Amino acid sequence: MLNKSVFAVGLLLAASASQAAEYQVTPVAEGLAYPWSLAFLPDGGMLVTERAGRLRLINAAGELQAEPVSGVPDAFVNSQAGLMGLALAPDFAESGELFLSYACGTAEANHTCLASARFNGSALENTQEIFRVEPAKKGSAHYGGRIAFLADDTLLLTLGDGFDYREQAQNTTNHLGSIVRLNRDGSAPQDNPFVAESGAQPELYSIGHRNVQGIVVDADTGRIFSHEHGPRGGDEINLIEAGKNYGWPKITYGIDYDGAQVSPYTELPGLEQPLLHWTPSIAPSGMTLYRGELFPQWQGNLLVSALAGKEVRRVVLDGTQVVEQESLFKELGVRFRDVRTGPDGALYLLTDSAKGSVLRVTPGN
């Protein structure tokens, strides 16, 4: 077992003097197999998904339980595929209901799926699939998988284009390359923007996305922010609005991995522009809107975890305008899969590795 206090001191020594004065980092749990998403329980504990297909409980005392939570749906695990997103229902304290996104199927035919279940404190009960992306795709890339609730108790599920199917992100007869809005039973709300369009999938909320792996809803304003991976360059933060088309692959600020041009256009009429785009790519992987009390200097900022960038990018907003950026935690030298604001105001980070960790960030001394 790693000594937490020694680890924290080591991180601070590695940080710059200004960063060391600003925050300290201590591990909460270690030895997780590619942790992907984190949720905070009312009793002070946490649930963490592992991409390997397991759901893990960290109890209120901060102890990672040895046995995974039972009742988790079977996931197709390969490369980017596995158990991914996790979100507690707004009334979780009473209902115990939660939602899990995961890859389901086989290498030859798989989908992003969403399941609901009830957590009884140690296991999942009444686990059932409530939605799956259509059509099936081949391969193990670009699933999206983040979940966020809106004020009306509907939920948003982010999706990907399946990598080899990018043209389908402009096709409303399927779900690939979109964000969908669902009722808690998985059905499509009747006021979804594409419901009246002949042949369109009724769950669609926005289209033209590549691989959306971060989404937050600002409870103060109702604004929805998402981010998605570009190819080589062209990662984006977008302001999501119902029925809008975000352009992929008709417009992009990135190029293909072999250097080929994806599109000659970065703008076209009727297609939304990102609030911010990154080239070279930082590979954004999770996001929180900080509303805690421990870091007043981060209040109202977007914090974006990054894989390739090995950082958390702090994005300062003035309304919907990006006015400043700062790179945090690069001194740790690790890939970050997710970032969350805890109910205690601390920042929580998931590191992306076969022996990943949950880290807690608090103000420096």
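Which element gives the most to the lining of the largest pocket? Strand β13 does, with four residues. The model in these views is predicted, so local features need pLDDT of at least 70 and side-chain atom pairs count only at pLDDT 80 or more, while totals for chains, interfaces and linings use all residues. Residues are numbered from 1 along each chain as its sequence is written, and side-chain values use heavy atoms, with hydrogens and water left out.

**View 1**
The space in the largest pocket is about 900 Å³. A pocket is found on a 1 Å grid over the protein atoms alone, as an open set of points where a 1.4 Å probe fits, with protein on both sides within 12 Å along at least five of seven lines; lining residues have an atom within 4 Å of a point. Grid points are joined across faces, edges and corners, and the volume is the space filled by probe spheres set on the points. Of the 28 lining residues, Phe149, Val217, Thr288, Arg340 and Thr341 lie nearest the centre of the largest pocket. Two or more lining residues come from each of β2, β5 (83-88), β9 (147-149), β13, β17 (284-289) and β21. Strands here are DSSP runs of E with at least two residues, numbered from the N terminus. By class, 18 residues of this lining are nonpolar, four are polar and six are charged. Ala, Val, Leu, Ile, Met, Phe, Trp, Tyr, Cys and Pro count as nonpolar, Asp, Glu, Lys and Arg as charged, and the others, Gly among them, as polar.

**View 2. The second largest pocket.**
The second largest pocket has a volume of about 280 Å³. Its lining has 20 residues, and Gln80, Asn211, Gln213, His229 and Leu307 are the closest to the centre. The lining of the second largest pocket has eight nonpolar, seven polar and five charged residues.

**View 3. The open sheet that contains β1 and β21.**
Four strands form this open sheet, in the order β1-β23-β22-β21, with antiparallel pairing. Two strands pair if DSSP finds at least two bridges between them. At the edges are β1 (23-32) and β21 (336-341), each of which pairs on one side only. From one strand to the next the twist averages 20°; the axes are lines fitted to C-alpha atoms, and angles run from 0 to 180 degrees between N-to-C directions. Five bridges link β21 with β22 (residues 347-351) in the antiparallel sense. Thr341 has Leu347 of β22 as its bridge partner.

**View 4. Strand β3 and its two partners.**
All five of the five residues of β3 (residues 46-50) are buried, so this strand is largely enclosed by the rest of the structure. Buried means under 20% relative accessible area, exposed over 50%, and partly exposed in between, with a 1.4 Å probe and protein chains only. Met46, Val48 and Glu50 point one way from β3, and Leu47 and Thr49 point the other way. Strand β2 (residues 35-40) pairs with β3 in the antiparallel sense over five bridges, and Ser37 stands opposite Thr49. Five residues lie between β2 and β3 in their hairpin, where Gly44 in the turn has a positive phi of about 100°. Five antiparallel bridges also join β3 to β4 (residues 54-58), with Val48 opposite Arg56. In the hairpin of β3 and β4, three residues separate the strands, and Gly53 has a positive phi near 110°.

**View 5. The disulfide.**
A disulfide is a covalent bond between the sulfur atoms of two cysteines. The whole structure has one disulfide, counted as a pair of cysteine sulfur atoms within 2.5 Å. Cys104 is joined to Cys113, with an S to S distance of 2.0 Å. Both Cys104 and Cys113 are buried.

**View 6. Loop residues with particular backbone angles.**
The peptide bond from Trp248 to Pro249 is cis, with omega near -5°, and Pro249 lies in the loop between β15 and β16. Thr279 and Pro280 are also joined by a cis peptide bond, with omega about 5°. Asp153, a residue other than glycine, has a positive phi near 75°, and its place is the loop between β9 and β10 (155-158). Asp153 counts as partly exposed because its relative accessibility is 31%. Phe329 has a positive phi near 70° and lies in the loop between β20 (321-328) and β21. With 0% relative accessibility, Phe329 counts as buried.
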